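These are my notebook entries on one model, set down in the order in which I looked things up. The structure is placed first for reference.

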Amino acid sequence: SSRWEIDYLKYDWCNTTNINPQGAYQLMSDALRAAGRPILLSMCEWGNSRPWKWAREIGHSWRTTPDIWCSFDSLRVFEAGYSQFGVMQCIQYNDTLRQYAGKGYWNDPDMLEVGNGMTENEDRAHFTMWCMMASPLILGNDLRNMNQATRDIIMNKDMIAIDQDPLGVQGLHYSDCNGLALWFKPLVDGNWAFTILNPTNEDITIDINWRKLNLTDEEVSNRSTSFDTVVYKVYNLWTHKMEGRTSQKDKIERQLVVKRR
């Protein structure tokens, strides 16, 4: 009801068998549209029926994965066959579905586990990747009891701006290098968000040659990094400081040590 001033509804048809959830979600969608108030419909059925292929006109986000749990890279399986994903499993499922996301309809790899017991680096990587994937940022921690590190992560306005960038493009898993995952996300102002994800337990050194990172996002945005012709300023969204520029020269511009999670 519009009298309740509801902005967000999660509708859950998980763990159902021999049922086509499309009709149930359409019924709820019609009811919300008739309520006289904009309400975001979050659909959850663990991605079993591939809602990214049919739900764009019904809801505004759809779960793409089983439930997440507080682990960076461990899968938890129960006797009944039900499983829970760690952060990395959610990313791996979600990163192949970017063509289905866009302004007003989003892939949802489940809520955030920031502040629930992972390390600070794992929490930061988790939050960063949800922002790079333009995922819904639904907090799953106890807001009454947070340390400063957790506050700094979930209240990082620079990172939230990447998640909510008006271009509405889910980030691209561009390549893997020496155990690291390189991600790019085009932004509305012509800039790019760039993330180096280290999923390992080791510090890894990487040489950044920007010209070798030239790419065109042919799948979704058709935007190009153009590192061979354009020099970008590099801004660190976690230190909130400028860290130099990209280079037009055909050489290694900088060497980075990417800390283990």
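**Entry 1. Salt bridges**

Which side chain meets that of D110 in a salt bridge? I found that the partner is R63, with 3.3 Å from N to O. I took a salt bridge to be a side-chain nitrogen of Lys or Arg within 4 Å of a carboxyl oxygen of Asp or Glu. Since D110 lies in the loop between β6 and α3 and R63 in strand β3 (residues 61–63), the pair ties together parts that are 47 residues apart in sequence. Helices (H or I, at least four residues) and strands (E, at least two) are DSSP runs, numbered from the N terminus.

I note here that the model is predicted: local features need pLDDT of at least 70 and side-chain atom pairs count only at pLDDT 80 or more, while totals for chains, interfaces and linings use all residues. Residues are numbered from 1 along each chain as its sequence is written, and side-chain values use heavy atoms, with hydrogens and water left out.

I then looked up the accessibility of the two partners. D110 is buried at 6% relative accessibility, and R63 is buried at 1%. The classes are buried under 20% relative accessible area, exposed over 50% and partly exposed in between, with a 1.4 Å probe and protein chains only. I also recorded that R63, D67 and D110 are linked in a network of salt bridges.

A search of the whole structure gave seven salt bridges. Among them is that of D7 with R37, whose closest N and O atoms are 2.6 Å apart. This pair links distant parts of the chain, 30 residues apart: D7 is in the segment before β1 (8–12) and R37 in the loop between α1 (21–33) and β2 (40–44). D7 is partly exposed at 49% relative accessibility, and R37 is partly exposed at 25%.

I looked up R98 next. R98 forms a salt bridge with E219, the closest N and O atoms being 3.2 Å apart. R98 lies in the loop between α2 (87–94) and β6, and E219 in the loop between β10 (204–208) and β11 (233–236), so the pair ties together parts 121 residues apart in sequence. R98 is buried, with 1% relative accessibility, whereas E219 is partly exposed at 45%.

**Entry 2. Helix α1**

How many residues does α1 have? I counted 13 residues, reaching 18 Å from the first C-alpha to the last. That is close to the 18 Å expected at 1.5 Å a residue, the expected span being 1.5 Å times one less than the number of residues.

In α1, the residues P21, A24, Y25, S29 and L32 are buried. Seen down the helix axis, the buried residues of α1 fall within an arc of 135°, so they line one face of the helix; the arc is that of the directions from the helix axis to the C-beta atoms. The buried residues of α1 pack against β1 and β2, with contact meaning heavy atoms within 4.5 Å. On the other side of α1, L27 and R33 are exposed.

**Entry 3. M118**

I located M118 in the loop between β6 (106–108) and α3 (120–132). Is M118 buried or exposed? M118 is buried, at a relative accessible area of 11%. Leaving aside neighbours within four places in sequence, M118 is in contact with C70, S71, F72, V87, E113, D123 and H126.

**Entry 4. Largest pocket**

I looked up the largest pocket and found about 1400 Å³ of space in it. A pocket, on a 1 Å grid over the protein atoms alone, is an open set of points where a 1.4 Å probe fits, with protein on both sides within 12 Å along at least five of seven lines; lining residues have an atom within 4 Å of a point. Grid points are joined across faces, edges and corners, and the volume is the space filled by probe spheres set on the points.

The largest pocket is lined by 42 residues, of which F194, T195, N236, L237 and W238 lie nearest its centre. Which strand gives the most to the lining? I recorded β9, with six residues.

**Entry 5. Positive phi**

Phi of E5 is near 55°, a positive value in a residue other than glycine. E5 is in the segment before β1 and is exposed, with a relative accessible area of 56%. Phi of N222 is likewise positive, near 60°. N222 lies in the loop between β10 and β11 and is exposed at 56%.
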